[in-house]
Every structure is written in structure tokens, then in C-alpha cells.
Amino acid sequence: MESKEEFRARCLQKLKHHALRNKLRQDHAVLTKLALLLKDVKGKTILCYLPLKHEVNITKLMRSLRPDNRLLVPFMEGVSFKVVKFRLPIKKKRFSVLEPQNSQMIFSKIDIAIVPVVGVDGALRRIGHGKGMYDRFFSSLKCHPIVIFVQGADCFTTQHVGDAHDVQADFYITPNHFIKRRGFNDFRVFNRRRCRAI
Ligand SMILES: Nc1nc2c(c(=O)[nH]1)N(C=O)[C@@H](CNc1ccc(C(=O)N[C@@H](CCC(=O)O)C(=O)O)cc1)CN2
Ligand SMILES: Nc1ncnc2c1ncn2[C@@H]1O[C@H](COP(=O)(O)OP(=O)(O)OP(=O)(O)O)[C@@H](O)[C@H]1O
């Protein structure tokens with residue numbers, strides 16, 4: 001069986017290679033499905049991301065969502081991140097990640113999270129860059145948002161290479177696939193069911 005590290009390395013290589021060719025067309029295929037899904041799922045506070053070169057470029061979609069929604073993006077702090085409002089200017093930080101300026105505003109409720117992935121395993125768990133930042137951030141949330149993984153080239157394994165702490169998707173979108181997690185079928189009651197007692 002392939003290990004998590006081997007799978008991560010294989011996926012990163014595939015995504016980086018893919019980012020050099022066909023990127024516009026593949027990104028467009030993902031964005032079309034993502035925009036349709038966002039019309040169905042309720043929620044106005046959306047965690048987005050500012051894309052790295054090998055990630056789906058969602059910035060055009062973010063521009064169209066901005067007038068009617070509250071858009072948040074990660075802001076790295078040590079081994080995790082907090083979220084800040086998406087606003088200009090943005091600056092290149094650690095790992096070449098773009099971020100807006102810091103802010104003291106605290107956002108306790110996120111309805112929807114659009115999450116870039118390096119790979120996805122058979123339990124729809126996220127394999128990322130190996131720093132555990134998304135995992136730590138999600139485990140700090142009291143209410144779990146609807147989680148949508150996006151990826152510009154399929155890198156999926158049916159094996160369960162992920163760990164219990166890895167973020168799990170409700171939806172996984174690639175240029176050729178739209179996968180909904182089994183058991184996810186009610187868009188209306190997610191808020192109550194997804195909050196845990198502290
Ligand atoms: N767009 C985006 N923003 C994000 C993440 C992400 O995956 N994508 N993160 C997800 O957690 C957090 C940042 N964590 C990251 C950790 C490692 C790498 C990464 O690419 N590491 C490369 C080296 C890149 C470089 O130094 O230029 C590597 O480890 O090979 C990127 C983001 C928060 N913001
Ligand atoms: N909730 C958590 N609390 C503490 N440590 C964690 C948590 N989640 C993950 N970690 C640690 O973070 C490290 C990296 O985790 P992992 O390999 O799952 O990263 P990843 O999900 O691929 O990366 P990323 O989320 O940054 O893209 C591991 O050592 C793991 O134990």
C-alpha cells in the first residue's frame with residue numbers, strides 16, 4: 001500500500017506538471033461546478049483561499065461572490081491559521097502564500113469552506129502540504145462548515161492513507177468529477193447538526 005507521504009509526493013508532482021498545461025480549461029471546469037453548488041448550499045460566510053500556482057484559481061469566482069457574501073481567507077499564525085476578511089492589498093508570505101493584512105476581527109461561524117487539496121483518500125480525507133494547518137484550524141471550530149475540496153487535476157486514491165485528524169470533505173470537485181460524501185443530503189439543517197458542545 002502507498003503511504004501518505006508517497007501519495008502526497010505523487011499528487012504534488014502531478015498537480016505541478018498539470019499547472020503548466022491545460023490549467024485554464026481545467027480550472028474553468030471546476031469553477032462551473034463549484035458556482036452551481038454554491039447556489040444550492042446555504043451560507044453567506046465562506047472560507048476561500050488565495051491560490052498557489054498549482055491550485056485552482058478561484059479569484060474570479062471570489063470577485064463575483066463578494067458583493068453578497070462575507071469572504072474569508074487563511075492568515076497563518078505559527079503551525080495553524082486564523083481567518084481574516086478578504087480585502088486588498090495582499091502580500092506574499094511564508095510558503096509563497098498570499099495574505100491580506102492582519103486583523104483582530106474574530107469570525108466564530110463559517111458556513112462553507114472551499115479548500116484546496118493536494119490529494120484525497122478513500123474516506124474523502126484531505127492530503128495537504130503536510131503541515132497540518134487546515135487540520136488544526138478545523139479542529140478549533142465549534143461548528144463545522146460544509147467543506148468543499150477543489151483540485152485542478154484528479155489525484156484520488158481509494159485507499160485510506162489519511163489519518164483521523166485529516167479534514168474530510170462533504171463535496172470533492174475536480175475537472176472530471178463531482179463527488180458528494182455519502183450521507184450528506186440535507187442542505188437545510190447542517191448548522192444545528194454540525195455544532196458540537198464544548
Ligand atoms: N492557497 C493556500 N493557502 C493556504 C494553504 C494552502 O494549502 N493553500 N494552507 C494549507 O495549510 C495554509 C498555508 N500552509 C502551507 C504549507 C505549505 C505550503 C507549501 O507549498 N509548501 C511547499 C513549499 C512552498 C514554498 O516554500 O514556496 C512544500 O512544502 O514543498 C503551502 C501552504 C494556509 N493558506
Ligand atoms: N488537530 C491537530 N492538532 C495537533 N496536531 C495536528 C492536528 N492535525 C494535524 N496535526 C499534525 O500536523 C502534522 C501534519 O499533518 P498532515 O500530514 O495530516 O498534514 P496535511 O493535512 O497534509 O497538511 P496541511 O493541512 O497543512 O495542508 C502531523 O504531525 C499531525 O500530527
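The talk below turns to the ligand and the spaces in the protein.

Guide: This is a predicted model, in which local features need pLDDT of at least 70, side-chain atom pairs count only at pLDDT 80 or more, and totals for chains, interfaces and linings use all residues. Residues are numbered from 1 along each chain as its sequence is written, chains are lettered from A and ligands numbered from 1 in written order, and side-chain values use heavy atoms, without hydrogens and water.

Visitor: Why is the pair between glutamate 55 and ligand 1 called a polar contact?

Guide: A polar contact is a pair of N or O atoms within 3.5 Å. A polar side-chain atom of glutamate 55 lies 2.7 Å from a nitrogen atom of ligand 1, so the pair qualifies.

Visitor: How much of ligand 1 does the protein cover?

Guide: The protein covers 78% of the 680 Å² of accessible area that ligand 1 has on its own. Such areas come from the Shrake-Rupley method with a 1.4 Å probe.

Visitor: What makes Glu55 count as charged in the lining of the largest cavity?

Guide: Asp, Glu, Lys and Arg count as charged. Glu55 is one of the lining residues, so it takes that class. The lining has five nonpolar, three polar and one charged residues.

Visitor: What is the volume of the largest cavity?

Guide: About 30 Å³. A volume is the space filled by probe spheres set on the grid points.

Notes: Polar contact = N/O pair within 3.5 Å; in protein donor to acceptor, adjacent residues only side chain to side chain. 1 Å grid on protein atoms, 1.4 Å probe; cavity = no way out; pocket = protein on both sides within 12 Å on 5 of 7 lines; lining within 4 Å.
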